[in-house]
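Open the model in your viewer and get ready to select residues by number.

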Amino acid sequence: MGFVNFFINLFKAAKEQPKAFFKGLSSFFLMGLGQLRNKQWYKAIPLFVVIIVFLAIEISTSNYIYALSGEISQFPAEDKLYFFRDYGGFFTKGLWGFITLGKLVLGSVYRGETIVIFDQIFTWKSADNSQVLLGQGVIATVLILMFVITWIFSIKDAFQSHLKIQETGHNETYHEFIKRVWNDFFAYIIIIPSLILIFLFILIPFLFSFLVAFTNWTGRISLGQGLFKWVGFETFKQVFENPDWLKFFGDVLLWTLFYAFMSSVTVYVLGFIQAMIIESKYVIFKKFWRMILILPWAIPGMISLMLFRNVFADNFGLMNQVLAQAGVTDQVKNFLTSIGLVGQQTAGNIIWFNDPLNGSLAKTLIIVVNLWLGYPYFMMLITGVLGTIPESLFEAADIDGATSSQKFRYITFPWVLRATAPVIITTFTFNFNNFGAIYFLSGGGPGYPIDQIPQSVRIIGAAPGQTDILISWIYKLSFQSTVNQYSLASVYSILIFIFIGLSAIYNLSKLKSFWEED
């Protein structure tokens with residue numbers, strides 16, 4: 001309907017405002033021409049520059065000159081000539097590569113010549129690289145879309161500017177235009193550098209990794225000697241229809257949710273308790289205790305995680321050494337077995353992170369270590385919030401005869417929760433993707449018992465560990481499996497993005513503090 005309405009409105013504009021319509025039509029055929037006809041040169045010149053830069057990039061990166069010099073007749077194509085592959089510039093070749101992901105590989109015969117990995121003189125003799133073509137295609141497509149948006153803006157601006165001139169009888173001068181843009185769009189102008197960085201380092205990589213999910217790209221494809229192709233939703237079907245992959249995805253997702261929830265709630269609760277204790281009137285030297293308790297958070301997290309990894313090393317770790325020296329290894333192991341954390345059958349030291357039967361123990365340790373690293377942040381945050389509670393509220397509660405627990409329940413806790421709820425949600429989101437906490441502490445281990453890993457997953461070495469969360473499993477799929485499963489990892493990344501994005505938006509939208517502007 002929107003497309004139909006566009007032409008209906010276009011027809012009405014041509015009928016009711018023919019002069020303004022033709023000004024817009026001028027910009028349709030040449031961006032900026034309508035502005036020039038409106039005698040607004042200060043708008044026309046930047047638009048002309050956009051066209052010149054766009055064409056300059058295309059021509060300077062192309063080989064059209066060789067096509068015109070007779071090279072095509074010198075090397076005729078036997079079957080089909082890929083003109084834009086051989087001679088196109090950044091934009092045309094980028095679009096060709098984006099659509100096809102390449103056609104020719106090492107050893108192919110094309111135009112009477114054998115394709116090589118790279119030919120410096122006749123670049124069309126070089127083998128196609130799907131990864132490079134996809135990357136260039138994404139950049140070219142985004143830039144072309146930006147050009148089209150600018151083009152549409154120029155058409156609309158030429159049309160509306162003429163209507164305004166007709167209405168007011170005044171054509172905006174250069175100084176008036178600059179002043180209006182500066183006043184009305186100052187906030188947008190100062191964030192342009194940030195938008196450029198977001199475009200380069202977030203949007204482009206995101207689109208690239210997103211599109212990989214719709215290809216069959218794995219480590220089996222040796223780029224240059226092979227090409228990956230668009231396969232639509234085939235990889236998504238593998239994730240949701242293959243019971244082997246679906247089981248592991250479900251297991252890892254449940255553990256990820258549990259880990260993110262526990263890692264967020266436990267640090268918040270302990271931080272709250274610590275803050276309440278420190279702010280108590282019975283505690284002296286408050287600054288000293290704050291300084292001591294903030295130390296776990298002040299030390300770089302990676303160093304702390306690797307330190308704990310050594311502490312819980314299998315045989316020569318500090319914890320096993322201490323238990324052995326104290327002569328309580330068997331007692332501790334029996335206790336951990338009785339509560340279901342340890343299942344190892346071997347005698348001797350406790351295998352904290354590497355015994356497949358000790359998966360529950362490894363998961364518990366990860367949450368405990370995360371608690372050690374994370375609670376100081378909330379302690380300091382809540383300490384600051386406690387200082388903002390008006391003393392008059394407690395005085396009124398005292399007059400009403402409220403007990404300490406009632407003052408906490410009806411004043412302190414709601415006040416702190418209201419101020420810190422958005423932080424809890426963002427902490428959950430952070431922990432959902434807390435790659436470092438898993439990678440540097442357990443490395444995802446222990447692995448699953450071999451008889452629990454399906455043959456199809458075992459072959460490519462892509463089974464997750466019992467403590468792997470989704471993001472660490474994606475890393476293994478991409479870089480540590482026998483056959484790098486780039487497309488599969490990309491599918492899981494998309495699922496994480498959808499889950500995190502929707503849950504964060506939903507939860508934040510429920511918070512009153514999120515919508516307040518003052």
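**Stop 1: D468 and K476**

Select D468 and K476: they form a salt bridge, with the closest N and O atoms 2.6 Å apart. A salt bridge here is a side-chain nitrogen of Lys or Arg within 4 Å of a carboxyl oxygen of Asp or Glu. D468 counts as buried because its relative accessibility is 1%. K476 is also buried, at 18%. Buried means under 20% relative accessible area, exposed over 50%, and partly exposed in between (1.4 Å probe, protein chains only).

Next, select R85, D86, R111 and D128: salt bridges with shared partners join them into one network.

Before moving on, note that this is a predicted model, where local features need pLDDT of at least 70, side-chain atom pairs count only at pLDDT 80 or more, and totals for chains, interfaces and linings use all residues. Residues are numbered from 1 along each chain as its sequence is written, and side-chain values use heavy atoms, leaving out hydrogens and water.

**Stop 2: D251 and K247**

Now pick D251 and K247. Their salt bridge has its closest N and O atoms 2.8 Å apart. Both sit in helix α13 (residues 243-278), four residues apart, so about one helical turn separates them. Helices are DSSP runs (H or I, at least four residues), numbered from the N terminus. D251 is partly exposed, at 28% relative accessibility. K247 is partly exposed too, at 38%.

**Stop 3: D157 and K43**

Which parts does the pair D157 and K43 tie together? Select both: the closest N and O atoms of this salt bridge are 3.2 Å apart. D157 lies in helix α8 (residues 130-168) and K43 in helix α4 (residues 41-60), so the pair links parts 114 residues apart in sequence. Both residues are buried.

Methods. Helices (H or I, at least four residues) and strands (E, at least two) are DSSP runs, numbered from the N terminus.
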